[in-house]
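Keep the structure open beside you as you read.

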Amino acid sequence: MSTQTTPSPVLDGEAAVVGRLSILDRFLPVWIIAAMVLGLLLGSFIPGLNTALEAVKVGEVSLPIAVGLLVMMYPVLAKVRYDQARRVIGDRKLMITSLVLNWVLAPALMFALAWIFIPDLPEYRTGLIIVGLARCIAMVMIWNDLACGDREAAAVLVAINSVFQVIAFGALGWFYLQLLPAWLGLPTTSADFSFWSITASVLVFLGIPLLAGFLTRTIGEKAKGRDWYEGAFLPKLGPWALYGLLFTITLLFALQGGTITSRPLGVVRIALPLLVYFLVVFAAGMLIGKWLDLGYAKTTTLAFTAAGNNFELAIAVAIGTFGVTSGQALAGVVGPLIEVPVLVALVYVALWARTRYFASPAAVR
């Protein structure tokens, strides 16, 4: 009698996750930590670095950091398939649920968590709320793809979130940072908070790369076709998002070094509500998708696009509105350090749920 057993599909799926990641993506948490350490070292051993970085500015942001922010935003927005909006918009259950999760429940949850966990640290609290308002963009497509989600639905939801942020981010920032706290009898942000400052930051650091990404895909596909664009061009362009992110984080930590080393407990307190936020929003997305019978692929896409945040935009808005050395900017920088490993872990959770709660062929499609 043979003792050979059939490999578990769950184990096979989980084992394939790491193998499907590029070296850059597989060790992304390592690169982020290394960038933070390098930034701390540069800030400690290069006197006058702060003055040099602030010598030339784009608006309220130093030129080197502005370049880094734009470089990391452009490649992920060039990946979006903008021509697929009509098909996904026609799925009313998915669209309405995604909009409610992304623009009502998730920001409200982050607002509540920020006030519960750090009511005594207004700068960090404001930074967390900004992170909650910055909805997912194309980087979340990596996690969605690894978890076998609906790739086209993810691309469309990312595109819609990107456009909606340009239109509504400033108004939502004003609502959650000034109007709602005033209604609840809570302290609002400082008097120099500007609705237009946040709107301008969004238009520059999201609007410009969004337009560039749209034009790049449109012109590239028209000239050489989608197969060339996605098979040859995007793999070469994609790593620049990581290069821009790491460059920006290095400079931010060079300027934030004193705050980080002098208040490590504050960094931990920023991390705790972020961890709760990612887990709760992802679980809500999976449960709601299952309840609505969206099927595994769309349910997974719903969960990841709701749980993922555009920490690039959050960093850009915090820098442009409050300055590179602010606590708000530090809260944005802590975001990717927590989000990346948590969302990688949630890929395994989704694959585990696939065979246990979406077992029928109709449910897995």
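## Aromatic pairs

Let's start with Phe175, which is partly exposed because its relative accessible area is 24% (buried means under 20%, exposed over 50%, partly exposed in between, with a 1.4 Å probe and protein chains only). Tyr176, at 7% relative accessibility, counts as buried. This is a predicted model, in which local features need pLDDT of at least 70 and side-chain atom pairs count only at pLDDT 80 or more, while totals for chains, interfaces and linings use all residues. Residues are numbered from 1 along each chain as its sequence is written, and side-chain values use heavy atoms, leaving out hydrogens and water.

Rings of Phe, Tyr and Trp (its six-membered ring) pair if their centres lie within 6.5 Å; planes under 30 degrees apart are stacked, over 60 edge-to-face, and the rest tilted. By this rule there are 13 aromatic pairs. In one of them, the ring centres of Phe175 and Tyr176 are 5.0 Å apart and the planes meet at 85°, so the pair is edge-to-face. Tyr277 and Phe278 are also edge-to-face, because their planes are at 70°, with centres 5.5 Å apart. Both Tyr277 and Phe278 are buried.

## A cluster and two charges over rings

Phe175 and Tyr176 also belong to one aromatic cluster, together with Phe111, Trp115 and Trp183. (A charge sits over a ring if NZ of Lys or CZ of Arg is within 6 Å of the ring centre and within 35 degrees of the ring normal.) Elsewhere, Lys290 lies over the face of Phe358, 5.1 Å from the ring centre.

## A nonpolar patch

Which residues make a nonpolar surface patch of about 480 Å²? They are Ile33, Val37, Leu41, Phe45 and Ile46.

Leu41 lies in helix α3, residues 28–45, and counts as partly exposed because its relative accessibility is 44%.

## The whole chain

The chain has 18 helices and two strands (DSSP runs numbered from the N terminus: H or I of at least four residues for helices, E of at least two for strands). Of its 365 residues, 53% are buried.

Key:
Patch = residues over 30% accessible without salt bridge, like charges linked within 9 Å, V, L, I, M, F, W, Y side chains within 5 Å. Areas by Shrake-Rupley, 256 points an atom, 1.4 Å probe, with all protein chains shown as cover. Salt bridge = Lys/Arg side-chain N within 4 Å of Asp/Glu carboxyl O.
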